[in-house]
Amino acid sequence: PALASKHEPTHKIDVVAHRGAAGYAPENTMAAFHKGVEMKADYIELDVQMTKDGHLVIIHDNTVDRTTNGTGKVGELTLQELRALDAGSKFNPAFAGERIPTFEEVLDEFHGKTGLLIELKSPELYPGIEEKVAIALRERNMDKPANEKIIVQSFNFESMKTFRQLMPNMPIGVLTSSASDLTDEKLDEFATYANYVNPSQKLVTKQVVERVHARDMDISAWTVRKKEEVKPLLDAGVDDIITDYPDYVPHHTQYR
Ligand code: G3P
Ligand code: CA
């Protein structure tokens, strides 16, 4: 039989390991990404920013203060300075020695092994970051993602429009935590360049899911950190659940 359309009532949920499996390992480190793969997540999610000397690195905050033993802004530190920091100990001393990964390192390690949900974090701070991300993907023949799962997403919609121009075949996602981005007008505009609308879970209802699907886009909800948060999202009919705890989501199940 033909595969069920992803928008039919019964469909497979994709599980996304948020910042790697950030509930179980220090976020946005190789340890966390490996943990996500080990837990059989369909995707790992990662936040991309740029160093002072123009290298792409994987870190969520605009400063290194919360997740490492250093201080300062990502964009004011060189790659060498960032790589000297410990990105594991604050989560748990057992992870001492984990480093801030480079984007290229993550691509080389995980390309072909798991899906990649690549977030451009605060791209307005890093002029030209879209081109650099596109070059890194193109160098690895990842610009024709028909046979693998790759999505590029951001809260910055202008950045995603730019990315759509740079890489016409790449699935694009828009992130939002604001209900004002879910009006018919906004959704119509997203549909001109995006494939995913990815709202904070607090905004997700069956109606929102239906209105996104009606425009032939998918919807991924974030960030699940409690078991009881899963069922309402499944009931609403989301396509993907982004979670720090990949094992909280019934995996590879057809859900009705
Ligand atoms: O992938 C969705 C989620 O990562 C967006 O929020 O702040 O965790 O990057 P944040
Ligand atoms: Ca993110």
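**Figure 1. Overall view of the predicted protein.** The protein has an average pLDDT of 94, and 93% of its residues score at least 70, where pLDDT is the predictor's confidence in each residue, on a scale from 0 to 100. This is a predicted model, in which local features need pLDDT of at least 70 and side-chain atom pairs count only at pLDDT 80 or more, while totals for chains, interfaces and linings use all residues. Residues are numbered from 1 along each chain as its sequence is written, and chains are lettered from A and ligands numbered from 1 in the order in which they are written. The model as a whole scores ipTM 0.98 and pTM 0.95. Among the elements of the protein, strand β4 (residues 56-58) has the highest mean pLDDT, 99, whereas strand β11 (residues 254-255) has the lowest, 50. Where pLDDT is low, the predicted coordinates should not be read in detail.

**Figure 2. The fold as a C-alpha trace.** The secondary structure comes to eight helices and 11 strands; helices (H or I, at least four residues) and strands (E, at least two) are DSSP runs, numbered from the N terminus. The radius of gyration of the protein is 18 Å, close to the 18 Å that the globule rule gives for 256 residues, so the protein is as compact as a globular protein of that length; this radius is taken over C-alpha atoms, and the rule is 2.2 Å times the number of residues to the power 0.38. Along its principal axes the C-alpha trace spans about 50 × 40 × 35 Å. Of the 256 residues, 43% count as buried, where a residue is buried if 20 or more other C-beta atoms lie within 10 Å of its own, exposed if 12 or fewer, and partly exposed in between, with C-beta atoms placed from the backbone. Among contacts between residues at least 6 apart in sequence, 57% join residues at least 24 apart; two residues are in contact if their C-beta atoms, placed from the backbone, lie within 7 Å.

**Figure 3. The surroundings of ligand 1.** Ligand 1 is surrounded by His18, Glu45, Asp47, His60, Glu119, Leu175, Asn198, Trp222, Thr223 and Ile242, a residue being near the molecule if its C-beta atom, placed from the backbone, lies within 6 Å of it. By class, this shell has three nonpolar, four polar and three charged residues, where Ala, Val, Leu, Ile, Met, Phe, Trp, Tyr, Cys and Pro count as nonpolar, Asp, Glu, Lys and Arg as charged, and the others, Gly among them, as polar. Strands β3 (43-50) and β9 (218-224) each supply at least two residues of the shell. Thr223 is found in strand β9, and a cis peptide bond with omega of about -15 degrees joins Trp222 and Thr223.

Figure 4. The residues Ile129, Glu130, Val133 and Leu137 of α4 are buried. Seen down the axis of α4, these buried residues fall within an arc of 105 degrees, so they line one face of the helix; the arc is that of the directions from the helix axis to the C-beta atoms. On the other side of α4, Glu131 and Glu139 are exposed. The cover over the buried residues of α4 includes β3, β4, β5 and α5. Asn141 lies in the loop between α4 and β6, and its phi is near 55 degrees, a positive value in a residue other than glycine. With 10 C-beta neighbours inside 10 Å, Asn141 counts as exposed.

**Figure 5. Helix α5 and what covers it.** In helix α5 (residues 157-166), the buried residues are Ser159, Met160 and Phe163. Seen down the axis of α5, they fall within an arc of 95 degrees, so they line one face of the helix. Glu158 and Gln165, on the other side of α5, are exposed. Among the elements covering the buried residues of α5 are β5 (115-120), α4 (129-139), β6 (150-154) and β7 (172-176).

Figure 6. Phe95 lies in the loop between α2 (79-83) and α3 (103-110), and is partly exposed, with 17 other C-beta atoms within 10 Å. Not counting residues up to four places away in sequence, Phe95 touches Ala25, Pro26, Ala31, Gly88 and Ser89. Lys40 lies in the loop between α1 (30-38) and β3, and has a positive phi of about 65 degrees although it is not a glycine. Lys40 is also partly exposed, with 13 other C-beta atoms within 10 Å.
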